[in-house]
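Please keep the sequence and the structure in view while reading.

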Amino acid sequence: MINFALDIGTTAAPESYLFYVLAPLSVLAAMGMLLVKKAVHSALLLAWVMVTLAIFYIAQEALFLGIVQIVVYTGAVMMLFLFILMLVGVDTSDSLVETIKGLRAISIVAAVGFGGLLVTLISRATFGRDVVGLSEVNEQGNALGIAELLFTRYVFAFEVISALLITAAVGAMVLAHSQKTRSQFAQRDLSIARFRKGELKDAAGLPSSGVYALHNAVDVPALLPTGNPAPTSISAVLEARGDMIESTNFQLKEEAEEDK
Amino acid sequence: MPIANYLYLAAILFTIGAVGVVVRRNAIVVFMCIELMLNAANLAFVTFARINGNLEGQIVAFFTMVVAACEVVVGLAIIVTIYRSRRSASVDDASLLKR
C-alpha cells in the first residue's frame, strides 16, 4: 500500500484550505485546456492555471517569484500568445479529429502510466528530516534573499541569461522579418498604371463625389453632363454596402418638372 | 496537509501538459502545453526550495522563467514564419520531409 503522506512536514490550516480549493481548479483548467476546441479558450485557461501557480508560490514564501509569475507569464507571455493567435487566426488546426489512429487512447494510457510513476515515486521518496522552511533565509525579505544569491553565486548564470534574452529578441526579429517582394505603389506608379491601362477615360483620375447645396458627402454620386449619376465617383465599398444615396433626392423640383 | 501535495500537483500538471503536446494539433496550443510543463517543473522547484530551506530552488525557477520566455518568443516567431509560407498552424501540415 502506498503511503501518500510521507514525512516531509505539513502546512498550516489556511494554506491547506487554499491548496484544496485552488489545486482542483487548476487541474480542471489544465484538463479543459486540452479539451476545448478554440485556441483562445485554451490560452485563457492556461492563464488561470498560471495565476493559481502564482498564488501557490506566494503561499510557499516565494513572494518575488509569485509576482514575477504574474507579470511575466500571465502578463507578457500569455499576451504574446494571444497576439500570435490574432495573427494566425482560426484554421483547420483547431479541429479535435485525431489524424493518427488510436493516438488518443495510447496517449491516455501513457499519461496514466507516466503520472502514476511520478506520483508513486514522490510518495515513496523520503528525506529523513523535517521541512526546514524559508522563514530563516527570508528574514530580510524574499526579494533581498534572491538578489543576494543572484548577484553573488549566480552572477555568471545571470549574465549568460541576459545574453540569451538578447539573442532571442534578435532571433525573433530575424525570423518574423519578411522582405517585401514588390515596392509599395506610390502616386507616380498609380499614374503610370492609369495611362497604360488601355483606355484613357480615367487617365486624369476618377470623378469626385457629388457636391450639392443640401448635401455634400462621399456617399452621393456626382452627376454627369447628361444628368445621370456617375457610378465611378463613389467608392466601390460604399456601393457594395448599400450606403449610397440617390443624387436625385437633391435635385430641385422645378428642374425636374422642366425636364418633363 | 503534507507539503508533498504540491509535488503531486506539479506531477499531475506536467502529465497533462505532456498529453497536450501529443494530442493537440494546433502548434500554438502545443506551445501552451509546453509552457504548462515548465510551470509544473517550477512549482516543484519552489516546493523543494521550501523543503530544503534555501533559496537556490527559487533561483533555478527564476532562470527557468527567463528561458521559457525566450523559448516562447523564438517559437512563436517560427510558428508565424511557417504560417506565412504554408497558411496553416497545424503541426500535421509541416510535413515537407515526409514526401
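From its first C-alpha to its last, α1(B) reaches 29 Å, close to the 28 Å expected at 1.5 Å a residue, where the expected span is 1.5 Å times one less than the number of residues. Helix α2 of chain B, residues 27-52, has 26 residues and spans 38 Å, close to the expected 38 Å. Because 21 of the 26 residues of α2(B) are buried, α2(B) is also largely enclosed by the rest of the structure, and it is followed by G53(B), whose phi is positive, near 75°.

Helix α1(B), residues 4-23, packs against α2(B) at an angle of about 165°, with the axes 8 Å apart; axes are lines fitted to C-alpha atoms over the stretch in contact, and angles run from 0 to 180 degrees between N-to-C directions. That makes the two helices α1(B) and α2(B) roughly antiparallel, a term for angles over 145 degrees. Their crossing is left-handed, meaning that the near helix is turned anticlockwise from the far one by less than a right angle. Residues in contact, that is, with C-beta atoms within 7 Å, include L13(B), F14(B) and G17(B) of α1(B) and I34(B), M37(B) and A41(B) of α2(B). By class, this contact of α1(B) with α2(B) has 19 nonpolar, four polar and no charged residues; Ala, Val, Leu, Ile, Met, Phe, Trp, Tyr, Cys and Pro count as nonpolar, Asp, Glu, Lys and Arg as charged, and the others, Gly among them, as polar.

## Chain A and its first helix pair

Chain A has nine helices and zero strands. Buried residues make up 20% of its 260 residues, and among contacts in chain A between residues at least 6 apart in sequence, 49% join residues at least 24 apart.

The axes of α1(A), residues 13-35, and α2(A), residues 39-59, come within 9 Å and cross at roughly 155°, and α1(A) and α2(A) are therefore roughly antiparallel to each other. The crossing of α1(A) and α2(A) is left-handed. Among the residues that meet are L18(A), L22(A) and A29(A) in α1(A), and L45(A), W48(A) and V49(A) in α2(A); the residues of this contact divide into twelve nonpolar, four polar and one charged.

E61(A) lies in the loop between α2 and α3 of chain A. Although E61(A) is not a glycine, its phi is positive, about 60°, and with 20 C-beta neighbours inside 10 Å it counts as buried.

## The contact between the chains

The contact takes 74 residues from chain A and 63 residues from chain B. On the side of chain A that touches chain B, the elements giving two or more residues are α1, α2, α3 (63-88), α4 (103-124), α5 (142-150) and α6 (155-176), and α3(A) gives the most, with eleven residues. The residues of that side of chain A divide into 54 nonpolar, 15 polar and five charged.

## Conventions

Residues are numbered from 1 along each chain as its sequence is written, while chains are lettered from A and ligands numbered from 1 in the order in which they are written. As the model is predicted, local features need pLDDT of at least 70 and side-chain atom pairs count only at pLDDT 80 or more, whereas totals for chains, interfaces and linings use all residues.

How values were computed:
Helices (H or I, at least four residues) and strands (E, at least two) are DSSP runs, numbered from the N terminus. Angles under 35 degrees count as roughly parallel, over 145 as roughly antiparallel, 65 to 115 as roughly perpendicular and the rest as oblique. Two residues are in contact if their C-beta atoms, placed from the backbone, lie within 7 Å. A residue is buried if 20 or more other C-beta atoms lie within 10 Å of its own, exposed if 12 or fewer, and partly exposed in between; C-beta atoms are placed from the backbone.
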